[in-house]
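Student: I would like to go through this model term by term. Please set each value against its definition.

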There are 2 protein chains.
Amino acid sequence: MPVITFKPSGRSAIVPDGAPLLDAAKLACVSVETPCGGNGLCGKCIVKIESGKVRFDNGGILSDDLVGEGFVLICKTSVADEPVSVLLLSQLDQEQGKFAEATQDIHLIDRGLLPAGEDIDPLVKLKVLTVPAPEMGDGLSDIDRLQKALSVGLQGQGADIPLCVLKSLPQVLREDEGRVTIAYFAAPSGIKIVGITASDTLDRNFGVCIDIGTTTIAVQLVDMRGGRIIGSKTDYNAQIECGLDVISRINYAKKPQRLEELREKVTGTINGIIRQLAEANRIAVESVYNVSVAGNTTMVHLVMGIFPEYIRLEPYSPAVYQVPFYRASELGIAANPEAPVYFAPSVGSYVGVDITSGLLCTSLATDSEELCLFIDIGTNGEIVLGNNEFLLGCACSAGPAFEGGGIDSGMRASNGAIEKVEVDRETGRAEYSTIGNGPPVGICGSGLISLIANLFSTGWIDAGGKLDRHRGCESIKFNGKYSTYIVAAADQTANGKPIAITEADIDNLIRAKAAIFSACYTLLQKIQLGFDDLTRIYIAGGFGRYLNIEKSTVIGLIPLLPGEKFKFIGNSSVIGAYMTLVSKRHREKELELARKITYIDLSTEPDYMYQYTAALFLPHTDADLFKPS
Amino acid sequence: MPVITFKPSGRSAIVPDGAPLLDAAKLACVSVETPCGGNGLCGKCIVKIESGKVRFDNGGILSDDLVGEGFVLICKTSVADEPVSVLLLSQLDQEQGKFAEATQDIHLIDRGLLPAGEDIDPLVKLKVLTVPAPEMGDGLSDIDRLQKALSVGLQGQGADIPLCVLKSLPQVLREDEGRVTIAYFAAPSGIKIVGITASDTLDRNFGVCIDIGTTTIAVQLVDMRGGRIIGSKTDYNAQIECGLDVISRINYAKKPQRLEELREKVTGTINGIIRQLAEANRIAVESVYNVSVAGNTTMVHLVMGIFPEYIRLEPYSPAVYQVPFYRASELGIAANPEAPVYFAPSVGSYVGVDITSGLLCTSLATDSEELCLFIDIGTNGEIVLGNNEFLLGCACSAGPAFEGGGIDSGMRASNGAIEKVEVDRETGRAEYSTIGNGPPVGICGSGLISLIANLFSTGWIDAGGKLDRHRGCESIKFNGKYSTYIVAAADQTANGKPIAITEADIDNLIRAKAAIFSACYTLLQKIQLGFDDLTRIYIAGGFGRYLNIEKSTVIGLIPLLPGEKFKFIGNSSVIGAYMTLVSKRHREKELELARKITYIDLSTEPDYMYQYTAALFLPHTDADLFKPS
């Protein structure tokens, strides 16, 4: 029986040949997070095999590069008959700066798509210059001497110098004998100075990429020197209390003070995350010189405080698709006040910056001829179909159910969330697992899908989503017209409240999956093709990480296709924002993609409503669509 | 005896041939302000003779153009033996938009120097455009359609659109079927949009010119359509409580929170005036699109919140001579938030924007060969000597005495100020007149000069500025080492407090006049010339309006030269700011002047201290300088 050693703690365990590596970790008392319940889907339990052979079933999650370097998912690995040394990755991050817990989904993306080497080319760069000291009678002010140094060091004659930089000049130029670090970027109109600090501070150029979802906001803090993600965090968009989907937000924003309220709420969430990340990494917010934002068209309007009403009114003309560079301070974003904020271009009223961001994470951003479908599952579902020749895009309102929103017991996919539920065919009782393995706090999107799928396949709900009232089941409570299903009783949960879903919740989920499925179907019909013609289906979303394909086909969210056609790319929107944050080539690519997408307005597609209604069943009224071929 | 009729009231009076027109006005109960006491110096009592002949002694105050058009100063006019119709100018302003009470000193300037006609060419202009309505499927956002309209209407492809304009687009573009008024300016990098309003609002383009003095701030509100001054107001700079001259302000500003306090104080004063002017003229501050600022180098630093310390430390390198365009909102100035703020260029540490502004009001801004001296009398005295071939500039610290500052009974030259004092040779008692002719509130700079000059020429003070302790005088009170002279007893004043000056006050004034005289002398010595070589001496300053030349030579403030060589140009700094506000040609001229001036740092001139000490007597230790030739 081989010895399995876990680094850096050095703890070890002896397990039989063929035993799951996860068992060895448990035996060695080494804590490994398996948010997807060990199903090889979320990619969170990535480790590096330093020595020794293991058996690893990749299932398409990790890129070949990574596998070649010895990376495996611990949950999909079993030991062979030889000693193995395993390096845990949260530690790896601290040691080598790769694969932080924080990096989240980035390893889900094909490495070839990620910027590296010379591609790391942020908008705002730093440069050390020496500004000569003033001399008696030279007739030069501080700003004149700076301009002279800039024209030599940056070929930037007549650079644009903001007031805050001018204000800091008298002291900064005299602190280290004129040695200063300039933060600057090249605008079409010339060099713009963003900041100036005394001495050499080249090691302090940071960036944030921000994905503003209707329900969830994700932010990554990046060291711009090498493009390394040094922190990542998500939180609910504080706008949630003003409406769950984009349409209700647009309605809420009709009064000017409410528009301002929405702006403050979303920037409040964003800034809260940025400040936490900055503090945890001991970074001054002033050294965040680069900012990249992705979000749907409505979110982009709201974060800027722009009246969004005309997004939803015919002829659907938003105020802006491609946002010019505005400064972080103007937008109220916590970063260097002069940092230019990059917004990826939007495509249509409901196909926003987030989808162009997300496309960067797929082969649709390459020259591939393969027909691909990209589904960004979120409150505002956004879908793109195409290949190197064409791109069709559309959006649908799925509601927040997949992100745990709009459901009493719902929560985000974070610690304490029930993310997998088995239902006993006989008793109807639930057996669940939670993220972090502690007592449950609520149920997240993947838990809901798992629950509904299993309730349906065990016959405890019918195709219309109604709970069985005839067979006795202690987990089903009747309350007049509507029934409730108890997933976890009060005495089992972290907060002493039962975790339950109502038939209304089930209905929400069915509407959500119907919206997405029928949108995909309608897009394909536009070009007279079917699901079978697809080579690849990319699934993205803050939710998507924990998506169980099999269960998703059971409820009819995604079409029944061979598993290898699916590729999970996690929260691709924030990763796309990361790419544009660090790389000029990707900013240009994104612009090109946005121009290429033909926007299909589903509200004007006569067939969409018909398809949607047809999809309001489990899995679909047309059962053939979900029959294994 | 002729009938004199005053319009527009129609009141009239019959006076004998040769009577002063002022007497006729009093008899007709027509109120005419004569701030200088009817001495023909301040030019405030300007009226138009509509019909009839009068006898008018111009004394060089009004330009020939104005005299040709029938304008006279009422205090210097007497009636002839025929009926006269007089139009009062405050009314004229309302009717024809010329010579408002508010225009203050503008009629003191040679008309040829003032912008008119095509010269009225402000930085920010307005234009009406029609932005086509959105069409279904046009793929254009509001900002795209605006850009399209701009590229046609302004040849401004890719214009810079600020966030606040973008934020207003959805409503503004839909209010009047796409008809909008654009406020814009052409920056070197392209067209920049400043504002957008629905419909045609071409009649709402206003501007403010601001003269930031160490002691006094003057603001004029201008209708940019024709360049008409529609309101004007001065107030004390609220920074006064933090130090009376630029050096004490620089010292005060050493701590960051105090620097910010100074910035807030000066913008507070400026904004208070702007808001009052805007309100009085029912103008929204948002339609103030043009802003022009003049001030000495220290004031310019402080209004921007820039650490001014290095202005006064060798090698005297300020942070900035020529301020780039910053937006009113960044600077905290009450105007349209995006209004670009024009600062005239500074020349040296103590020769600021105000002097280049002021030069625009003199023949030094023309191609004249005549050697001229320009003296801007203020807390920071600034002096330029030259002609079309060269310009030498310097500055000296005169202290605030000439503006009524730093003296217990001192006040600005406004209503209630004693501005002329006669002293009885025998009794030593004062007889005074006040601005507005009411009971006195305090004594202003011209009152002080008049007082000191007369005390000196009647022998009540000696050449060292000490009051006579031997001859009995009820107005002189002894208080140990220092004596005090009572100008107005407590029972005569508006507030029941006596108006008095101490020997320390006299000393202040002597130091002030010594600083200015010796600076002029030193400049002339630099080119080995004397006062006799001067063709013209321009005297400017918020104070200068009421300057009495004769008395000024008695105390040795200005050299003894024929009266016609002097030209009072009032607060030329604010008028220069007005010129640059309304005219591109004047902005360019000002830049040219600033480049042309050679800055002489008096602190490094060995002779200056010697000259200054020699001037610390009344009128001077070298009495020959003030002996009539």
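Student: Which residue in strand 18 of chain B does Cys372(B) stand opposite?

Tutor: Cys372(B) stands opposite Gly386(B). This is a predicted model, in which local features need pLDDT of at least 70, side-chain atom pairs count only at pLDDT 80 or more, and totals for chains, interfaces and linings use all residues. Residues are numbered from 1 along each chain as its sequence is written, while chains are lettered from A and ligands numbered from 1 in the order in which they are written.

Student: What makes strand 17 of chain B and strand 18 of chain B a pair?

Tutor: Strands are DSSP runs (E, at least two residues; helices are H or I, at least four), numbered from the N terminus. Two strands pair if DSSP finds at least two bridges between them. Strand 17 (residues 372-376) and strand 18 of chain B have 5 bridges in the antiparallel sense, so they pair by that definition. They form a hairpin with 3 residues between them.

Student: How many bridges join strand 18 of chain B to strand 19 of chain B?

Tutor: Strand 18 of chain B is joined to strand 19 (residues 391-397) of chain B by 7 bridges, and the two run antiparallel. Gly381(B) stands opposite Cys396(B) there, and the hairpin between these strands passes through 4 residues.

Student: Why is strand 18 of chain B called mostly covered?

Tutor: A residue is buried if 20 or more other C-beta atoms lie within 10 Å of its own, exposed if 12 or fewer, and partly exposed in between, with C-beta atoms placed from the backbone. In strand 18 (residues 380-386) of chain B, 7 of its 7 residues are buried. In a regular strand the side chains alternate between the two faces of the sheet. Here both faces are covered: Asn380(B), Glu382(B), Val384(B) and Gly386(B) are buried on one side, and Gly381(B), Ile383(B) and Leu385(B) on the other.

Student: What shows that the copies meet through the same surface?

Tutor: Contact means that C-beta atoms, placed from the backbone, lie within 7 Å. Of the interface residues of chain B, 100% are also interface residues in chain A, so the copies meet through the same surface.

How values were computed:
Two residues are in contact if their C-beta atoms, placed from the backbone, lie within 7 Å.
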